[in-house]
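Please read the report below with the sequence and the structure side by side, and look up each residue as it is named.

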Amino acid sequence: MTSASVTANTPPSNWGRWGERDERGTLNFITDESRARGAACVRTGRTVSLAHPVTPVTLAGGGPVPHGLAPMPAPVQQILYFTGSPARALSDVLVVNTHHVAMTHVDAVAHFPVDGQVYPGVPVNDAAAQGTLRHGSTTPFAAGITTAGVFLDLAPGGRLGPGHEVTAADLDAAEERAGVRVQSGDALVVRGGWVVHRDLDERLPAMTLDAVRWMAEREISVLASDIGDVPPGHGAPPVLHGVGLARLGLPLVDNADVSALVAVCGELGRHTFLFTLGAMPVHGASGVPVNPLAIF
């Protein structure tokens, strides 16, 4: 299959579209034109972060859990070393659980295998070895991502209902409300009004295969969202990861914080901006914590 054009019963796929060993996935849709389109949105220089703040937790544990972290083993562990007396320097060693639900991070295309393969059809045993990835890792993120960004609010003034299944119709309606159209190469930022790591006791909304097909047809380059896949145990397959990531090669910015973005978009009266993502230049990993920025 060489394109994302599929029948109604077939998941969209980009396997083979950019070659049998492609590692960039939908980042291939980003062009000089899409970057220039984003740069043209910068008029005031105002910048909005799309990442949740992280409060480190000591390796030894103990004490109250910092506000905003899920009630589970420390997502970010920290060892403090003090040198000198009195201390002349503080040195941190951070152990980071990248894919924790309280951590805003970007998934590499090999993060989620399907049928024993990772994007774009590479066997897992070929892609991963000795505790690292040699195909489909975070390497393409090391140079950063810059393109036009579009914000779609699926629940203006509130939040989607528990268990809401986001469809193409939801995305179309959000486009119409915003007065925008998502174009090839755009980074799509979606709001459902949920904070996953605080709302785990409720049934979370999730993207459907219909919505992922819409993203494939629009040829988005990146998806950043405050909602995601159906949680384990609810029966449905995780289509954002199983189709969007594994078959389309669509990098996912999981657990984005769009609360400030919705306020700024409302204040400025526009839903387009320059999207930038500067990841640590980590190679061979399945994901990396990020601080995506929307620049107006």
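The place of Asn255 is in the loop between strand S15 (252-254) and helix H6 (259-268), where helices (H or I, at least four residues) and strands (E, at least two) are DSSP runs, numbered from the N terminus. The phi angle of Asn255 is near 60 degrees, a positive value in a residue other than glycine. Asn255 is also buried, with a relative accessible area of 12%; buried means under 20% relative accessible area, exposed over 50%, and partly exposed in between, using a 1.4 Å probe and protein chains only.

This is a predicted model, in which local features need pLDDT of at least 70 and side-chain atom pairs count only at pLDDT 80 or more, while totals for chains, interfaces and linings use all residues. Residues are numbered from 1 along each chain as its sequence is written, and side-chain values use heavy atoms, with hydrogens and water left out.

**The chain as a whole**

The protein chain has 6 helices and 18 strands, and of its 296 residues 49% count as buried. Its accessible surface comes to about 13400 Å², of which 54% belongs to carbon and sulfur atoms; such areas come from the Shrake-Rupley method with a 1.4 Å probe, and for residues only the protein chains shown count as cover. Among the contacts with a separation of 6 or more, 75% are accounted for by residues 24 or more positions apart, a contact being heavy atoms within 4.5 Å.

**Backbone details in the loops**

Gln130 also has a positive phi in a residue other than glycine, near 55 degrees, and lies in the loop between strand S8 (128-129) and strand S9 (132-133). Is Gln130 buried or exposed? With a relative accessible area of 86%, Gln130 is exposed. Another loop, between strand S6 (117-118) and strand S7 (122-123), holds Pro120, and the peptide bond leading from Tyr119 to Pro120 is cis, with omega near -5 degrees.

**Helix H4**

Helix H4 (residues 209-218) is mostly covered, since 7 of its 10 residues are buried. The buried residues are Ala211, Val212, Arg213, Trp214, Met215, Ala216 and Arg218. After H4 comes Glu219, whose phi is positive, near 60 degrees.

**Strand S16 and its partners**

S16 is mostly covered too, with 5 of its 6 residues buried. Strand S10 (residues 145-153) pairs with S16 in the antiparallel sense over 6 bridges, where two strands pair if DSSP finds at least two bridges between them. Here Val150 stands opposite Thr272 in S16. S16 also pairs with S18, again in the antiparallel sense, over 3 bridges, and the partner of Phe275 in S18 is Ala294.

**Aromatic rings and charges**

How many aromatic pairs does a search of the whole structure find? The search finds 2 aromatic pairs, where rings of Phe, Tyr and Trp (its six-membered ring) pair if their centres lie within 6.5 Å, and planes under 30 degrees apart count as stacked, over 60 as edge-to-face and the rest as tilted.

| Pair | Centre to centre | Angle between planes | Kind |
|---|---|---|---|
| Trp18 and Phe29 | 5.1 Å | 80 degrees | edge-to-face |
| Phe273 and Phe296 | 5.4 Å | 50 degrees | tilted |

Trp18 and Phe29 both lie in the segment before helix H1 (32-39), so their pair ties together parts that are 11 residues apart in sequence. Trp18 is partly exposed, with a relative accessible area of 27%, whereas Phe29 counts as buried at 9%. The pair of Phe273 and Phe296 links distant parts of the chain, with Phe273 in strand S16 (residues 272-277) and Phe296 in the segment after strand S18 (293-295), 23 residues apart. Phe273 is buried at 0% relative accessibility, and Phe296 is likewise buried at 0%.

Arg159 lies over the face of Trp194, at 3.9 Å from the ring centre, and the charged end of Arg247 sits over the ring of Trp15, 5.3 Å from its centre.

**Cysteines**

A search of the whole structure finds 0 disulfides, a disulfide being a pair of cysteine sulfur atoms within 2.5 Å. Cys41 is buried, with a relative accessible area of 10%, and Cys265 counts as buried at 1%.

Note on methods:
A charge sits over a ring if NZ of Lys or CZ of Arg is within 6 Å of the ring centre and within 35 degrees of the ring normal.
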